[in-house]
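Here are my notes for you, in the order I'd go through them. Keep the structure open while you read.

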Amino acid sequence: MTGFVREARASDAPGLARVQVASWRETFAGLVPDAVIAELASDEALGQFTERWQQAIAAPPTSKHRVHVAVAKPGEPEVLGFAAAGPATDEDLWPGTDGELYELHVLPSAAADGHDGRLLNAVADTFAEDGFSTGYTWALSGDSTRIEFLNAAGWAPDGSQSNLDMGEKVPVVRLHTRLPASG
């Protein structure tokens, strides 16, 4: 299967929410409480995520906040994956030079089609365009698939660790990568 990445449109919001929920169901299984997955995958949550994505796309907080979508080919309406990124949000990072990959999700049924790599490359390109010199992201410590994918793409743990409170503490690790200068 071929793939194409483009900037997200407000009309993509339901697709982003659908991909996010499907990805969480698979990724979070066994890593977070089942009750949390059920709550995140509810119809009510899907509606809330759709509204949030519409807002994030239509009125991003800054010009450096971006959402990319993966589709099978140009003009194809079905969202197969997405990545959201922008200035870093952690207190120990500087949002002027540090970018953050907030979300990267691909439909489990399209996971083997390379959309994750295309999305990550699109994020790296826009990070460079926006003057970021380092990219950061958080991953569940137990999500070996995501961590291995990021490692293979040149990301590595930076030593920062934390926990998400999801009814029980779920360990997370921060990864980073140096970005080439735009030019």
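1. Start with how helix 1 and helix 3 cross: the crossing is right-handed. Bear in mind that this is a predicted model. Helix 1 covers residues 13-28 and helix 3 covers residues 43-58, and their axes come within 8 Å, crossing at roughly 125°. That angle falls between the 115 where roughly perpendicular ends and the 145 above which a pair is roughly antiparallel, so helix 1 counts as oblique to helix 3.

2. Now look at who does the touching. Helix 1 brings Ala13, Pro14, Leu16, Ala17, Arg18, Gln20, Val21 and Trp24 to the contact, while helix 3 answers with Leu46, Phe49, Thr50, Trp53, Gln54 and Ile57. Sort these contact residues by type and you get 10 nonpolar, 3 polar and 1 charged.

3. Next, salt bridges: the structure holds 8 of them. One is between the side chains of Arg66 and Glu129, at 3.9 Å from N to O. That pair still qualifies because the cut-off is 4 Å. Arg66 sits in strand 2 (residues 66-71) and Glu129 in helix 4 (residues 115-129), so this bridge ties together parts that are 63 residues apart in sequence.

4. Arg66 has another partner. Asp130 also forms a salt bridge with Arg66, and here the closest N and O atoms are 2.7 Å apart. Asp130 lies in the loop between helix 4 and strand 5 (134-140), so its bridge to Arg66 in strand 2 joins parts 64 residues apart in sequence.

5. Which of these residues are buried, and which exposed? Asp130 and Arg66 are both buried. Glu129, on the other hand, has a relative accessible area of 53%, and it counts as exposed because the threshold is over 50%.

6. Finally, find Asp158 and Arg174. They form a salt bridge whose closest N and O atoms are 2.7 Å apart.

7. Asp158 is partly exposed, at 25% relative accessible area, whereas Arg174 is buried at 4%. Through salt bridges that share partners, Asp90, Asp92, Asp158 and Arg174 are joined into one network.

Terms used. Residues are numbered from 1 along each chain as its sequence is written. This is a predicted model: local features need pLDDT of at least 70, side-chain atom pairs count only at pLDDT 80 or more; totals for chains, interfaces and linings use all residues. Side-chain values use heavy atoms; hydrogens and water are left out. Helices (H or I, at least four residues) and strands (E, at least two) are DSSP runs, numbered from the N terminus. Buried means under 20% relative accessible area, exposed over 50%, partly exposed in between (1.4 Å probe, protein chains only). Axes are lines fitted to C-alpha atoms, for helices over the stretch in contact, and angles run from 0 to 180 degrees between N-to-C directions. Angles under 35 degrees count as roughly parallel, over 145 as roughly antiparallel, 65 to 115 as roughly perpendicular and the rest as oblique. A crossing is left-handed if the near helix is turned anticlockwise from the far one by less than a right angle, and right-handed if clockwise. Contact means heavy atoms within 4.5 Å. Ala, Val, Leu, Ile, Met, Phe, Trp, Tyr, Cys and Pro count as nonpolar, Asp, Glu, Lys and Arg as charged, and the others, Gly among them, as polar.
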